[in-house]
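Biologist: Please take a close look at the helix packing in this structure. Then set the ligand site beside it.

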Amino acid sequence: MGDDILSLEAIGMTWDADRGAGRTVLDGVDLRLGRGEAVALVGRSGSGKSTLLHVAAGIAVPTAGRVVLVGHDLGTAGEEARTRLRRDHVGLVFQFFHLLPHLSLRENVALPGWIAGDDHARTHERADRLLGRVGLLDRAGDAVGRLSGGEQQRVALCRALLRGPALVLADEPTGSLDDRTGREVMDLLLDLTRQEGGALLYVTHSRELAARADRSWLLVDGRLRAEAAA
Ligand SMILES: Nc1ncnc2c1ncn2[C@@H]1O[C@H](COP(=O)(O)OP(=O)(O)OP(=O)(O)O)[C@@H](O)[C@H]1O
Ligand SMILES: [Mg+2]
């Protein structure tokens, strides 16, 4: 139990609670993720999936409940500590990739390593290895701004995985990819999670991709329901 990578306990989230009738998006969400575990999150547009990932990452502060990330209670950690925990333990793959268009693929992937002061040579080696896994090593020196949307998504994925994060949070990581590339990206995410003993929480609209997780949850009316195995 104490080994959970992520634990969400009775999470509630009401947006704009201070402005009269707030919008309650999460209402008693409990979720635990252990080492090597992959969990899929599905649900209709607007059901709160991205909100839940933001809460898990410590980017959004829930209005109720407790978030524990690798043994640290995010509620009692200050903003600075939350940022450090996120940087050291979480890999984020969000809908907008936030890549720097003028930097190369390799530089974009290596960036979190530079910021954290990791060894340069090892960072570059790992960046290239990841780019190889997503079929983009031959373009490692190109500017990211010239890539297609799906290619950029794969670069963003490599960047998220660079520092071997304990927890990967991925919001529709295969959203702009064709079926085959989407499956390959999912393979990479699942492989790395399972091999490196991390945990993965990903949002998807694809039943096929959700079925590849160890567990799949449906977010409805602010709560998680177990999805019947596909
Ligand atoms: N920063 C915010 N401030 C106020 N309301 C927000 C904020 N972020 C999200 N919401 C609201 O919370 C609800 C859930 O949004 P969220 O982005 O979590 O849904 P989602 O399940 O990820 O949807 P989609 O599948 O379309 O990405 C929406 O009604 C949205 O307007
Ligand atoms: Mg979303």
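Modeller: Start with handedness. A crossing is right-handed if the near helix is turned clockwise from the far one by less than a right angle, and left-handed if it is turned anticlockwise. Keep in mind that this is a predicted model. Two packed helices are described by the angle between their axes and the distance between the axes.

Take helix 3 and helix 5. Helix 3 covers residues 105–116, and helix 5 covers residues 149–161. Their axes come within 7 Å and cross at roughly 30 degrees. Angles under 35 degrees count as roughly parallel. Helix 3 and helix 5 are therefore roughly parallel to each other. Their crossing is right-handed.

Helix 3 also packs against helix 4, residues 120–133. Here the axes come within 9 Å, and the crossing angle is roughly 135 degrees. That makes helix 3 oblique to helix 4. The crossing of helix 3 and helix 4 is right-handed. So much for the helix pairs.

Now the ligand site. There are 14 residues around ligand 1. S45, G46, K49, S50 and T51 come nearest. By class, the shell holds 8 polar, 4 charged and 2 nonpolar residues. Strand 2 (23–33) and helix 1 (49–56) each supply at least two residues of that shell. Helix 1 gives the most, with 3 residues.

Several polar contacts can be picked out. A polar side-chain atom of S45 sits 2.6 Å from an oxygen atom of ligand 1. T51 also brings a polar side-chain atom to 2.6 Å from a ligand 1 oxygen. S47 uses its backbone: one polar atom there is 3.2 Å from an oxygen atom of ligand 1. As for cover, ligand 1 on its own has 640 Å² of accessible area, and the protein covers 65% of it.

Definitions and conventions:
Residues are numbered from 1 along each chain as its sequence is written. Chains are lettered from A and ligands numbered from 1 in the order in which they are written. This is a predicted model: local features need pLDDT of at least 70, side-chain atom pairs count only at pLDDT 80 or more; totals for chains, interfaces and linings use all residues. Side-chain values use heavy atoms; hydrogens and water are left out. A residue is near a molecule or strand if one of its heavy atoms lies within 4 Å of it. A polar contact is a pair of N or O atoms within 3.5 Å; within protein, one must be able to donate a hydrogen and the other to accept it, and residues adjacent in sequence count only if both atoms are side-chain atoms. Accessible areas come from the Shrake-Rupley method with a 1.4 Å probe; for residues, only the protein chains shown count as cover. Helices (H or I, at least four residues) and strands (E, at least two) are DSSP runs, numbered from the N terminus. Ala, Val, Leu, Ile, Met, Phe, Trp, Tyr, Cys and Pro count as nonpolar, Asp, Glu, Lys and Arg as charged, and the others, Gly among them, as polar. Axes are lines fitted to C-alpha atoms, for helices over the stretch in contact, and angles run from 0 to 180 degrees between N-to-C directions. Angles under 35 degrees count as roughly parallel, over 145 as roughly antiparallel, 65 to 115 as roughly perpendicular and the rest as oblique.
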